[in-house]
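Colleague: I would like to go through the terms used for this structure and the values behind them. Please start once it is on the screen.

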Amino acid sequence: MNGKRFLMSKTFTLLAFLALLILAFGIATGWRFVELVNIRNILQTTSVIGLLAVGAGALMIAGYIDLSAGGVGTMCALLCAVMLSRGVPWYAGTLAAVALGIIAGLFSAFLINKLNFQPFIATLAMAQVTEGLAYLICNATPIPVKDPVLKFIGGARIFTYIPYSVLIVIIAFVIYAILMNKTKFGRSVYLIGANPEASRLAGLNPKRLTYILFANSGALASIAGILLMSRSGTANATGITKNQFSGITAAVLGGISFGGGNGGIAGAFIGLLILGSFNNAMTLLGLDAYLQTTAAGALLIAALIIDSLTARRTLSGKKPRSKAKADKEAAQ
Amino acid sequence: MKKQSALTAILKAKSLTLTVAAAVVILFFYIMNREFLSGNSIRSIMNAMSLSGMLAVGISILLIGGEIDLATGAEAMFGGVVCAAALAAGMPIPVAIIAAILFGAVAGLINAFFVNVLNIMSFIVTIGMSSIYTGLAYYLTNAKGINVSGAFLKLGTTALFGIIPTPFIVMAVFLVIYAFILRYTDIGRAVYMIGGNRAAARLTGVNPKRVTTIVFVNNGVIAAIGGVLLTARMHVANPGAAASGALDAIAASVLGGVSFAGGAGGMGGCFIGLLLLNAFINGLMAVNLPTYFQLVAQGALLIIALSVEYFNARGRQKRVAAEARELMKK
């Protein structure tokens, strides 16, 4: 019960922060920020990041990280676009792309599980490889996407108002929130993140779970890439690479800390809204496009600082997580 | 003392394998394309080695100390921008270079602050810093970069005997100096200690946070000098430069035997790692593979380097275990 109340209060803090942010941006933009059209814009542009945030969030709860989501998603979307341009139906193209995303995720997990790579460096190398492959797939030229179904999913709206892409993301968040909070699978993810050694002793298989979570991250990245491609009508080698770390930023902003074992998917959703509002307000306020790169980095660091100050435990990576946990428990 | 000599023996054996690998790579590309060992091609390999080499010196030391700086490429690029901006403002060359070095030192201090004071993992916070520098550089230079001219260019474009570029010589000097520092000075040993076992280092009187600060500042300064040399070589401080700098430097260091777990490796292996990396990447161009294939190759090479490190470590563990079993029998 205690833990639940704590989570409630964390969620409450995040919501309060989001409300303050909306108020501040509303005032700064002369209330253009809270117009319905703009809110729809925010939701639609964050839908891509939303899928990345779900994948990154689940991984980070287990104590892992995937820096290759941007590259993987871009590569997969291009594969889909090339297949479509050769006359393959949309569902087959999408399935192939998702399969490629899963393969990429499994390969990262293989490097981590079998060859003892640190997750960040394994996925950083994979980011480089997949970005290079993306260029090779399309020969550095954009591929137009004309498939009516994908264009419909990317651009159409329910009741001319709620974009389908937003609906997809909300469904994804709901499914993953239930999966993480209410199922045995979700509990084992938390346990592995909190204490890998104990989870192994309790009969869980951390390596199997690592494969599943990285495959999941690759699949979601792939769908995110396809979503962006469907919305913009072209696939190119930049794709979602500029959102490479946005999913992680959203997850950290939403209270999922780097040590693993805490935070939740609901928090990540609020983190996503904070990130989306921030990005949108920067555009509305006329911030230079290049400075938005700087702002994105600053926001990631701000999230990390907040995480560090609130978690108040050693995250320096060299000390085992279990020790930090043990210290914390001893203090209680 | 005996233990240390065993360690050097392993390192030597590793560098031998590495040297053979580098020789094979060079021979392969030479057979594929005789132009690979022409004067121009050798010069371009040495030029490429000069930047990734400077970055690898700083990164190796960070890795040995158990940290990482993924913003090192961005720091080099921004150091170049600072230098070029100072030159454009009419400042003398030494002042401009010092300005760049100061930027590097501040960048290192910022990283160290996040890692030491806020306990944030270095890889993720330096990713954030990298975005900050990149965005700022594009904004400040209007995405066009800042051109440099005059005597400053001599730093990058001259060459000893008409073949060895000045930036390469500077890089080599840095490698030698840092090889000496790592091996023979207290601070060098302290870096190995905090990377190998932080708690034990503290017990022997080493202040891990101070050493961490030093290696981050050191890395920022070396990266900025690398950026200055790059700017002089390219005649422009380009905000898009050195984007894959961190990955190249990590790949070269790890190829050269610097362990990702910290506490092991040195500069000698690092040099051969650099040669291998850059010969390989230049070779891809010599055999006419598409430019973008380089990106794939860089990532793949990093994966291969780390895999080799893993198998080496496992082999060593098995040997130790086998020896232990022998002893038990006796």
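Modeller: Leaving aside neighbours within four places in sequence, A:S246 is in contact with A:I49 and A:L275, contact being heavy atoms within 4.5 Å. This is a predicted model, in which local features need pLDDT of at least 70 and side-chain atom pairs count only at pLDDT 80 or more, while totals for chains, interfaces and linings use all residues. Residues are numbered from 1 along each chain as its sequence is written, chains are lettered from A and ligands numbered from 1 in the order in which they are written, and side-chain values use heavy atoms, with hydrogens and water left out.

Colleague: Why is A:S246 called buried?

Modeller: Buried means under 20% relative accessible area, exposed over 50%, and partly exposed in between (1.4 Å probe, protein chains only). A:S246 has 12%, so it counts as buried. Its place is in helix 11 (residues 246–253) of chain A; helices (H or I, at least four residues) and strands (E, at least two) are DSSP runs, numbered from the N terminus.

Colleague: What makes helix 2 of chain A largely enclosed?

Modeller: Of its 26 residues, 20 are buried, so the rest of the structure largely encloses helix 2 of chain A. This helix (residues 36–61) also bends by about 45° at A:S47, the bend being the angle between axes fitted to the seven residues ending there and the seven starting there.

Colleague: Is B:N47 buried or exposed, and how do you know?

Modeller: The relative accessibility of B:N47 is 14%, so this residue counts as buried. B:N47 is found in helix 2 (residues 39–64) of chain B. Apart from neighbours within four places in sequence, B:N47 is in contact with B:P165 and B:R233.

Colleague: What makes phi worth noting at B:H235?

Modeller: Most residues other than glycine have a negative phi. At B:H235 phi is positive, near 65°, and the residue is not a glycine. B:H235 sits in the loop between helix 10 (208–234) and strand 4 (236–237) of chain B. With a relative accessible area of 37%, B:H235 is partly exposed.

Colleague: Which phi does B:A242 have, and why is B:A242 called buried?

Modeller: B:A242 is not a glycine either, and its phi is positive, about 55°. Its relative accessible area is 15%, so B:A242 is buried. The residue lies in the loop between strand 4 and helix 11 of chain B.
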